[in-house]
Protein chains: 2
Amino acid sequence: MENYRFIMDVGLILLTTKLLSMLSKRVKMPQVVGALMAGLILGPACLGMVDDNIFIQNIASLGVIVLMFEAGLGTDVNELKRSGKASLVIAIVGVIVPIFGGWALGTFFPLLGPGSFWENIFLGIILTATSVSITVETLKELGKLKTHSGNAILGAALIDDVLGIIGLSLVSGLAEGTVLVGFVLLKILAFIVVSILCGLFFRRIFQVWMNKASWNRKRFAVVSLAFCFIYAYVAEVLFGVADITGAYIAGLILSSTSRATFIEANCHTLSYMLLSPVFFASIGLKVNVSSLSSSLFLFSLLFILVAILTKVVGCGLGAKLCGYSNSDCLRIGTGMLSRGEVGLVIADKGIISGVIHTAYLTPVILMVTVTTIITPLLLKWTYRDAPGKQVPEEEEPNTLADAYGAVQNLEEASIQYLEKLERNQ
Amino acid sequence: MENYRFIMDVGLILLTTKLLSMLSKRVKMPQVVGALMAGLILGPACLGMVDDNIFIQNIASLGVIVLMFEAGLGTDVNELKRSGKASLVIAIVGVIVPIFGGWALGTFFPLLGPGSFWENIFLGIILTATSVSITVETLKELGKLKTHSGNAILGAALIDDVLGIIGLSLVSGLAEGTVLVGFVLLKILAFIVVSILCGLFFRRIFQVWMNKASWNRKRFAVVSLAFCFIYAYVAEVLFGVADITGAYIAGLILSSTSRATFIEANCHTLSYMLLSPVFFASIGLKVNVSSLSSSLFLFSLLFILVAILTKVVGCGLGAKLCGYSNSDCLRIGTGMLSRGEVGLVIADKGIISGVIHTAYLTPVILMVTVTTIITPLLLKWTYRDAPGKQVPEEEEPNTLADAYGAVQNLEEASIQYLEKLERNQ
């Protein structure tokens, strides 16, 4: 008998995420919070109507890849270059402080009796990698993605993602004694070199091809998306860099072609129609509250506190060193808070390779959930005094859906205008 | 270790289907043929780069559901009512002839020695259900979906889908002696009644909600798609009617709301960016030529011939009885040729419930592949003399992508026009 359950799962996820994000908007919260709540409510933590399974996980992975591809397509490369040095400093300080915090927590408040030095360090590594997708979505909603602080956050999150992966590879290797430090670093260096060469080569190929038609053809969007998926895969498997980093770089490569806006608009529709609701819901689906004992609960609480404090302090400090204003330091620190799926991936790999105990999974999942849910709330709060118009989701520029509305309005306006002209003659 | 293979699979499928459908277009073949070939080339039949797995299958299922939802949204209900009686006659004759053909083949040219009466009848049942999605896609491409013959095909395919499912349920039940004929028919009748009531109720609810905003909001598209998925699931699981029939009915229900075009355009983008390339490729992925022996090959060849002849003759005869012209009879018979995934589902269920032997799977898969590939080719040929403009895929009206291009052109034109006016003053 064929299994049809996944069709209902997708239907329920689309309906619930949309209804709850409409509700969040009504009570002036970021819509992402509603989408995350949908997963908590549908999943084992509450109603138990939808289970986390491999299909949902894969769709969610494609969702986060497309989100990062969109972010890359929309990035202003020149602005990124300007904020590059600052991003590097923010990322490095924002990685060192959480590693220290994780190690201190594991050493002084152990969950399962005193762990090894590397196990405690690994708790810190889990706290390093920022999941920038939630922040990107929130900044987009607030209309702050292309600001000075927005660019610093994006750049720093990308770099600390790479640092997190280096950390993961190094600690796993050192704890087992199998991986050569030099080899890991060499692969990452190779990825950077290949990306620069690919960037120059593929950008040119795509532009020549795109110049062959005078209008926006569907094929430009479809082939670009294929390029994104293949690049993400190659980054992950060949170079050991996270797939989402690969997707972001693929977007960056195509961001200066003449069809970037068109590709972004098509990917945006693909995102909001299916992929990103499933991604956001899948995070909430992973939470299972029933497995919480009181000592686990206490440890989780401390772990969450350490996660929040070390990142805000670390990144804020980094930003301060680069001469950002106090309010921008707070924004940058807060924007780097959410750990999302990257933290989960690192923890998962740590458990499989035996560096940390399985018992740590629940605290990690809770930390990821809480930091992901509070990031948009806190981020909105830190931008409360910032000047500039707030762009609500529905009126976001550069999307096909709005262009579609616009063409209808424009057509109507043109007709009325021409009719008026005729009457006047 | 997490598995990243599916990211590459999706990337390869998007790239290959797009490149091959561009190639088919260049040699004046329907683009669907290229997309189907992509699966054959990537899959175990040729390169073996992509395997058919549960993730690909699920995405493909969502793809065919969204295709049928789009078809429902674009259906002119009044035209369907007009062609309703004809569709019924075409479907019934087009089901009786293939059942007889399948039975005759199984009786006179048995693959594994003489089978039981029900096994041979079941071979006929596999030949009944038309997979209308390929035909819909081809007719769309040819700009013939909303013609007299196009509507007859759509209606008849829907009905013979229901007849196929009734046949499947009846034969499985009769062969095992467990299912009551009356119960199956009662559930289908209940589905029809519920659909009419739901149609009136939900159409009203959606319209009241859609009237609350003066512009096209994303939520209309997302919630409508959720409605489609939930309706498809309910049709399949509660009423035993195929999920794709449920999706088509869901589209039909929303087709007369004021946002139908907007919803369709959003679903179309979701389709061509991810879902439908995976669906078309997945059919080719199922073929494995290496398992062919010479007797299996001969049987498959005969099975394919019976599949083609019985459907063209049966449906053509039905159309003739309803007074269609000879050329329209040929078009209708040809349009009903492709069996697609419905034949596979029926065969799969028959094998699992033990009505037919596993050895029949390869002939069924080959029959599905061949009928699916030749349908667009033959269909295009039957319409070669038909009047009316042929609309190539890229210039299809009512899609967001084109609206997007149009808004840019229109804006430019408006600016130039206003500049000209100013200069003249």
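1. First, a term: a helix here is a DSSP run of H or I with at least four residues, numbered from the N terminus. By that rule, Asp9(A) and Arg5(A) share helix α1 (residues 5-26) of chain A, where they sit four residues apart, about one turn of the helix.

2. A word on ground rules. This is a predicted model, where local features need pLDDT of at least 70 and side-chain atom pairs count only at pLDDT 80 or more, while totals for chains, interfaces and linings use all residues. Residues are numbered from 1 along each chain as its sequence is written, chains are lettered from A and ligands numbered from 1 in the order in which they are written, and side-chain values use heavy atoms, with hydrogens and water left out.

3. Back to that pair in chain A. The side chains of Asp9(A) and Arg5(A) form a salt bridge at 3.1 Å, N to O (a side-chain nitrogen of Lys or Arg within 4 Å of a carboxyl oxygen of Asp or Glu). Asp9(A) is buried at 2% relative accessibility, whereas Arg5(A) is partly exposed at 31%. For those words, buried is under 20% relative accessible area, exposed is over 50% and partly exposed is in between, with a 1.4 Å probe and protein chains only.

4. Now look at chain B. Asp9(B) and Arg5(B) meet in a salt bridge too, at 3.1 Å, N to O. Asp9(B) is buried at 3%, and Arg5(B) is partly exposed at 31%.

5. How many salt bridges does the structure hold over all chains? There are four. One of them joins Arg331(B) to Asp328(B), with the closest N and O atoms 3.0 Å apart. Both of these residues are buried. They are about one helical turn apart, because three residues separate them in helix α14 of chain B.

6. That helix has a neighbour worth a look. Helix α14 (residues 326-335) of chain B packs against helix α16 (residues 361-382) of chain B at about 170°, with the axes 9 Å apart. So α14(B) runs roughly antiparallel to α16(B) (angles over 145 degrees count as such). Arg331(B) turns up again here: among the residues of α14(B) that meet α16(B) are Leu330(B) and Arg331(B), and Trp381(B) is one of those on the α16(B) side.

7. Last, two residues of chain A to compare by eye. Ser224(A), in helix α10 (residues 218-239), is buried at 0% relative accessibility. Ile96(A), in helix α5 (residues 84-108), is exposed at 52%.

Terms used. Axes are lines fitted to C-alpha atoms, for helices over the stretch in contact, and angles run from 0 to 180 degrees between N-to-C directions. Angles under 35 degrees count as roughly parallel, over 145 as roughly antiparallel, 65 to 115 as roughly perpendicular and the rest as oblique. Contact means heavy atoms within 4.5 Å.
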